[in-house]
Structures are given as C-alpha cells and as structure tokens.
Amino acid sequence: MNTLSYKTVSANKKTVNKEWVVVDAQGEILGRLSTKIAMIIRGKNKPSFTPNVDCGDNVIVINADKVKLTGNKFNDKTYVSYTGYPGGQRFISPKELMAKHPERVIEKAVRGMLPKNRLGRALFGNLYVYAGSEHPHAAQNPKTI
C-alpha cells in the first residue's frame, strides 16, 4: 500500500485560497448570524481548514442596522467596557449601541466567537460590517450568501 498518499496536507499562507463573501443581515437573528460569519472567517467551512493559519474568507456584512435580537435582549443585555481609569467602567445596551454605531453589535458578537490570540485578532481584520446596503468592495467580486 502506498503510504505517501495518506499524508495530511496542512494549509499555509501561500496555499490558502481566500475569497470574498457578502452576507445580508436583514431580519437575521444576531447570534445565529454571528456563528455562521465566525465559521466562514475562521475557514471551518473549507476542507483545507488548518487551525493555526488564516485560511478563512473575507466577509462583508451589509444591513447591520436591521439585525434582530430575540427575547428582551435588545433592552436588557449590556456590553461592558473599561476606560482604564478608576471608576471608568461603562455599560451600554444594544439599543443605545444600535442608535450610535449599528455595525459594532455584529462586530462584538463575532469577535467573541474568534480565538483570543494573535490569530484571532488577525482574523477579525477579515470582517467588514456596514450599516446600509452599500459597500465599497465591489472590485473584489464577492459572492452572496
């Protein structure tokens, strides 16, 4: 039996085939949408997935301001941030965050689903979120999901 045919092939930066994908968030539930986006960014939907390499696709999310949260999370959920100063802990609800920066709700959800290391920070750079239905990445010929 030829044992050379059973070698595991690991992807690296040169052999990875990265594509551009557009995801429409209109009417979608935040958590369910974010898990799909995180899997695409990570590359887990590809047969050549390698855990230590950025082998995922670049994801463009449009209509981020039309995403939904189930239950009463729109008012009750809180995002916590810290300024670094004493007494500098800040709380904001998704309702307030959607009014100011609607794209950050999806960004926060997806960032929490990526690895907490330098690869996760690099993978987060492959996410582009826009509040409206227009995006400036038409030159990349993204395919729609």
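**Entry 1: Asn 63**

I began with Asn 63, which has a relative accessible area of 6% and is therefore buried, since anything under 20% counts as such. I note here that the model I am reading is a predicted one. Asn 63 is found in the loop between strand 2 and helix 2 (73-76). When I looked up its backbone angle, I found that Asn 63 has a positive phi of about 60° although it is not a glycine. I wrote this down because most residues other than glycine have a negative phi.

Is Asn 141 buried or exposed? Its relative accessibility is 65%, so Asn 141 counts as exposed, whereas Asn 63 is buried. I located Asn 141 in the loop between strand 5 and strand 6 (143-144).

**Entry 2: strand 2**

Next I went back to strand 2 and asked how many of its residues are buried. Five of the five are, so strand 2 is largely enclosed by the rest of the structure. In a regular strand the side chains alternate between the two faces of the sheet. In strand 2 I found Asn 58, Ile 60 and Ile 62 on one side, with Val 59 and Val 61 on the other, and both faces are covered.

I also looked up the partners of strand 2. Strand 1 (residues 20-24) runs parallel to strand 2 and is joined to it by five bridges, and one of the pairs I checked is Asp 24 with Ile 62. Strand 5 (residues 127-129) is also parallel to strand 2, with three bridges between them, and here Val 59 has Leu 127 as its bridge partner.

**Entry 3: Asp 57**

My last stop was Asp 57, whose place is in the loop between helix 1 (30-42) and strand 2 (58-62). With a relative accessibility of 4%, Asp 57 counts as buried. What does the side chain of Asp 57 reach at 3.2 Å? I found the backbone nitrogen of Glu 19 at that distance, and I also found a polar contact of 2.8 Å between the side chains of Asp 57 and Lys 46. Leaving aside neighbours within four places in sequence, I listed residues in contact with Asp 57, among them Asn 17, Val 21, Ile 40 and Asn 126.

Terms used:
Residues are numbered from 1 along each chain as its sequence is written. This is a predicted model: local features need pLDDT of at least 70, side-chain atom pairs count only at pLDDT 80 or more; totals for chains, interfaces and linings use all residues. Side-chain values use heavy atoms; hydrogens and water are left out. Helices (H or I, at least four residues) and strands (E, at least two) are DSSP runs, numbered from the N terminus. Buried means under 20% relative accessible area, exposed over 50%, partly exposed in between (1.4 Å probe, protein chains only). A polar contact is a pair of N or O atoms within 3.5 Å; within protein, one must be able to donate a hydrogen and the other to accept it, and residues adjacent in sequence count only if both atoms are side-chain atoms. Contact means heavy atoms within 4.5 Å. Two strands pair if DSSP finds at least two bridges between them.
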